[in-house]
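Subject: Model handover

Hi,

Here is the model for you to look through. My notes follow below it.

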There are 2 protein chains.
Amino acid sequence: MTTIVKLGGSVVTEKDQPETVDDETLDRVGAAIGEAITRESPTDLVVVHGGGSFGHHHAAAHGVSTTDGTHDTTAIRAIHRAMVTLNDAVLDALAEHGVDGVPVHPLSCALYESGDALSVPTSHVSGMLSEGFVPVLHGDVITHERKGATVVSGDDIVAALARSLSATRVGLCSTVPGVLDDNGDVIPTITAYEDVATTLGASEATDVTGGMARKVQTLLGLDTPASIFGPTDLDAFLAGSNPGTLVHRE
Amino acid sequence: MTTIVKLGGSVVTEKDQPETVDDETLDRVGAAIGEAITRESPTDLVVVHGGGSFGHHHAAAHGVSTTDGTHDTTAIRAIHRAMVTLNDAVLDALAEHGVDGVPVHPLSCALYESGDALSVPTSHVSGMLSEGFVPVLHGDVITHERKGATVVSGDDIVAALARSLSATRVGLCSTVPGVLDDNGDVIPTITAYEDVATTLGASEATDVTGGMARKVQTLLGLDTPASIFGPTDLDAFLAGSNPGTLVHRE
């Protein structure tokens with residue numbers, strides 16, 4: 001029984017201010033996870049967070065993206081260091097609420113193979129879960145064969161982990177309360193991309209790496225049902241319900 | 001053609017002063033590696049460094065060793081953070097001399113399985129080498145099944161990498177010029193532990209984790225020949241010769 005929770009970069013940081021943590025939201029999120037962990041339940045939990053104003057700022061400054069790579073190790077180290085700083089803030093917030101988080105940095109384990117297949121070994125993550133730890137991963141810059149290094153999104157890390165850990169539940173805590181239809185209402189269930197293609201087409205154009213269209217497509221590729229919800233619904237998700245939008249291919 | 005170089009913790013830090021880098025030696029070591037890298041040779045290089053006054057200080061303070069584990073994530077994060085700080089100093093020194101080093105933290109990829117088998121996935125390390133990067137690993141605190149987390153020595157990381165990368169050369173840059181006999185002279189070649197058991201018996205008792213006896217036993221377990229030498233011989237080793245003591249089982 002493994003649950004993976006993704007904390008969106010916009011949820012845990014002030015996205016408009018470079019390298020600024022959203023302390024208030026991060027504390028609320030830490031409290032929700034702390035309460036879920038201390039509840040008597042045998043669920044293993046993996047946390048993944050996005051880059052928000054940490055990773056994106058440095059990646060943009062150095063011209064590195066999910067598709068454009070670099071061989072400049074100064075750039076790689078700067079982007080990575082920013083993400084490690086954010087990861088440390090997330091771990092601190094979790095520790096405040098009694099969560100035994102340990103850092104797992106994708107640059108130190110993951111690889112985009114040529115052909116863009118993402119490889120994330122997870123025997124150490126499984127080992128951490130067995131020992132009662134909460135592994136905390138994140139979007140990062142990682143080695144990309146033939147491109148040097150590119151950005152891997154938190155969402156793609158979630159998908160890779162969901163597959164190799166055979167996760168039973170996946171939750172994406174976003175700034176919005178779910179996938180919204182044209183009237184701004186939350187769509188309760190998505191089972192095929194065609195159902196929402198028109199609605200999501202517009203958002204795809206405006207947000208290339210973390211957009212809702214890409215999220216939905218990624219989640220439809222999983223065997224595990226996945227929920228997309230806002231920060232106030234995190235405790236409900238961790239308590240076992242499916243707030244927001246449930247994405248699960250038929 | 002992969003070469004692995006280990007920089008001893010006592011070489012790159014002031015071992016008597018907590019969290020103090022030996023800037024002068026580290027710079028000299030960085031220069032030697034920089035010169036070797038820029039020489040036209042197709043050798044892939046992996047660097048591993050020990051903990052010196054960074055890791056050992058925190059590990060001792062928290063009662064964590066290669067055998068005594070902890071489930072205290074505050075301790076784990078403190079030991080790990082110290083090692084990441086030292087790793088950053090090593091990467092800076094290498095960058096000063098044009099070496100494209102990238103960090104690889106064992107906590108983020110390695111695992112002691114129950115039965116004490118060390119698992120270090122290396123597809124990302126191979127990917128870094130293909131892209132022209134120099135992966136820089138280190139001794140660390142890592143997950144240990146049934147023990148929480150324990151210390152992994154830089155030497156054991158070297159041995160795991162030598163095996164899975166099929167390294168052609170291994171060099172351990174130590175504070176001493178090689179393995180010394182009872183007269184204090186460097187033993188040129190060791191092919192079996194019995195030959196040096198008496199001489200090394202004493203050092204084993206005084207230095208449990210990084211002692212020369214353990215180093216020699218670890219290196220005799222490898223298919224790859226390994227040299228143990230002092231800092232002034234690093235350039236000679238990187239140029240292709242075998243300074244100090246060559247350890248290679250028959």
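I start with one glycine. Gly139(A) touches His49(A), Met83(A), Val152(A), Ser153(A) and Gly154(A), leaving aside residues up to four places away in sequence; contact here means heavy atoms within 4.5 Å. Gly139(A) and Gly154(A) sit 15 residues apart in sequence, yet 4.1 Å apart in space, C-alpha to C-alpha. The loop between β6 (134-138) and β7 (140-144) of chain A holds Gly139(A). Gly139(A) is buried, at a relative accessible area of 8%. Buried means under 20% relative accessible area, exposed over 50%, and partly exposed in between (1.4 Å probe, protein chains only).

Some ground rules. This is a predicted model, in which local features need pLDDT of at least 70 and side-chain atom pairs count only at pLDDT 80 or more, while totals for chains, interfaces and linings use all residues. Residues are numbered from 1 along each chain as its sequence is written, chains are lettered from A and ligands numbered from 1 in the order in which they are written, and side-chain values use heavy atoms, with hydrogens and water left out. Helices (H or I, at least four residues) and strands (E, at least two) are DSSP runs, numbered from the N terminus.

The two chains

Four strands make an open sheet in chain B, ordered β5-β4-β7-β8, with mixed pairing. β5 (118-119) and β8 of chain B are at the edges, each with a single partner strand, so one side of each has no neighbour in the sheet. Strands count as paired if DSSP finds at least two bridges between them.

Strand β4 (residues 111-112) of chain B runs parallel to β7(B), joined by two bridges. Leu111(B) is opposite Thr143(B), and Tyr112(B) has His144(B) as its bridge partner. β7(B) runs antiparallel to strand β8 (residues 148-152) of chain B, with five bridges. Asp140(B) pairs with Val152(B) there. The hairpin of β7(B) and β8(B) has three residues between the strands, and Arg146(B) takes a positive phi near 75° in it.

How enclosed is strand β7 (residues 140-144) of chain B? Five of its five residues are buried, so β7(B) is largely enclosed by the rest of the structure. Helix α4 (residues 73-96) of chain B lies across β7 and β8 of chain B, at about 140° to β7(B).

Helix packing

Axes are lines fitted to C-alpha atoms, for helices over the stretch in contact, and angles run from 0 to 180 degrees between N-to-C directions. In chain B, the axes of helix α3 (residues 52-61) and α4(B) come within 8 Å and cross at roughly 170°. α3(B) and α4(B) are therefore roughly antiparallel (under 35 degrees counts as roughly parallel, over 145 as roughly antiparallel, 65 to 115 as roughly perpendicular, the rest as oblique). Among the residues in contact are Phe54(B) and His58(B) of α3(B), and Met83(B) and Leu86(B) of α4(B).

In chain A, the axes of helix α2 (residues 23-38) and helix α4 (residues 73-96) come within 8 Å and cross at roughly 50°. α2(A) and α4(A) are therefore oblique to each other.

Best wishes
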